[in-house]
Amino acid sequence: MLIALIARDHPGALQTRLDNRDAHIAYLKETGVVSQAGPLLNDEGEMVGSLVILDVEDMEAAQEWANNDPYAQAELFSGVELIPWKKVI
């Protein structure tokens with residue numbers, strides 16, 4: 001099941017993102033369930049959130065993955081949405 005995780009950073013939290021980025025990227029790679037991932041950008045090209053496409057068994061697994069993300073553990077996000085997604089192209 002593909003799930004789109006869309007997360008927005010707390011305003012002014014770029015340093016929190018940078019401080020935890022290596023752990024977050026390692027988590028993306030180590031868990032083996034990430035199909036695609038990358039930061040959301042503002043008009044100035046600064047990182048302000050995340051988009052991660054998870055390939056997991058169910059929504060519960062997606063929520064567990066999201067809860068254990070180092071960014072979530074660092075309380076970077078002001079909000080996280082988990083949305084079932086269908087790849088067309």
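**Entry 1: terms and model**

I count two strands as paired if DSSP finds at least two bridges between them. Helices (H or I, at least four residues) and strands (E, at least two) are DSSP runs, numbered from the N terminus. The model is predicted, and I took local features only at pLDDT of at least 70 and side-chain atom pairs only at pLDDT 80 or more, while totals for chains, interfaces and linings use all residues. Residues are numbered from 1 along each chain as its sequence is written, and side-chain values use heavy atoms, without hydrogens and water.

**Entry 2: the sheet**

I began with the strands. There are 4 of them in an open sheet, in the order S2-S3-S1-S4, with antiparallel pairing. The edges are strand S2 (34–41) and strand S4 (77–84); each has a single partner strand, so one side of each has no neighbour in the sheet. From one strand to the next the twist averages 15 degrees; angles run from 0 to 180 degrees between N-to-C directions, along axes fitted to C-alpha atoms, for helices over the stretch in contact.

**Entry 3: strand pairs**

I then went through the pairs. S1 (residues 2–9) and S3 (residues 47–55) run antiparallel and are joined by 7 bridges. In this pair I looked up two partners: Ala-7 bridges to Ser-50 in S3, and Ile-6 bridges to Leu-51 in S3.

S1 also runs antiparallel to S4, with 7 bridges between them. Here I noted that Leu-5 stands opposite Leu-82 in S4.

S2 and S3 are antiparallel as well, joined by 7 bridges. Leu-40 has Gly-49 as its bridge partner in S3. The hairpin of S2 and S3 has 5 residues between the strands, and in this hairpin Gly-45 takes a positive phi near 85 degrees.

**Entry 4: the helices across the sheet**

I checked which strands the helices lie across. Helix H1 (residues 14–31) lies across S1, S2, S3 and S4 and runs at about 15 degrees to S3. Helix H2 (residues 59–68) lies across S1, S2, S3 and S4 too, and runs at about 155 degrees to S4.

Which residues of H2 are buried? I found Ala-62, Trp-65 and Ala-66. Their arc around the axis is only 100 degrees, which puts them on the same side of H2. Buried stands for under 20% relative accessible area, exposed for over 50%, and partly exposed for in between (1.4 Å probe, protein chains only); the arc is that of the directions from the helix axis to the C-beta atoms.

The buried residues of H2 pack against S1, H1, S2, S3, S4 and helix H3 (70–73), where contact is heavy atoms within 4.5 Å. At the start of H2, I found a side-chain oxygen of Asp-58 within 3.3 Å of the backbone nitrogen of Glu-60.

**Entry 5: Arg-17**

Leaving out residues up to four places away in sequence, Arg-17 touches Asp-9, Pro-39, Met-47, Val-48, Gly-49, Ser-50, Tyr-71, Leu-76 and Phe-77. For Gly-49, I noted that its backbone oxygen lies 2.9 Å from a polar atom of the Arg-17 side chain. A polar contact is a pair of N or O atoms within 3.5 Å; within protein, one must be able to donate a hydrogen and the other to accept it, and residues adjacent in sequence count only if both atoms are side-chain atoms.

I looked at Glu-75 in the loop between H3 and S4. Glu-75 is not a glycine, yet has a positive phi of about 60 degrees. Its relative accessible area is 62%, so Glu-75 counts as exposed.

Pro-84 sits in strand S4. What does Pro-84 touch, residues up to four places away in sequence not counted? I listed Met-1, Leu-2, Ile-3 and Met-59. Pro-84 and Val-34 are 50 residues apart in sequence, and their C-alpha atoms are 14 Å apart.

Val-88 lies in the segment after S4 and is exposed, at 71% relative accessibility. Its C-alpha is 24 Å from that of Thr-31, which is 57 residues away along the chain.

**Entry 6: the record**

In the model, the span 1–86 is 37% helix and 38% strand, and its end C-alpha atoms lie 9 Å apart.
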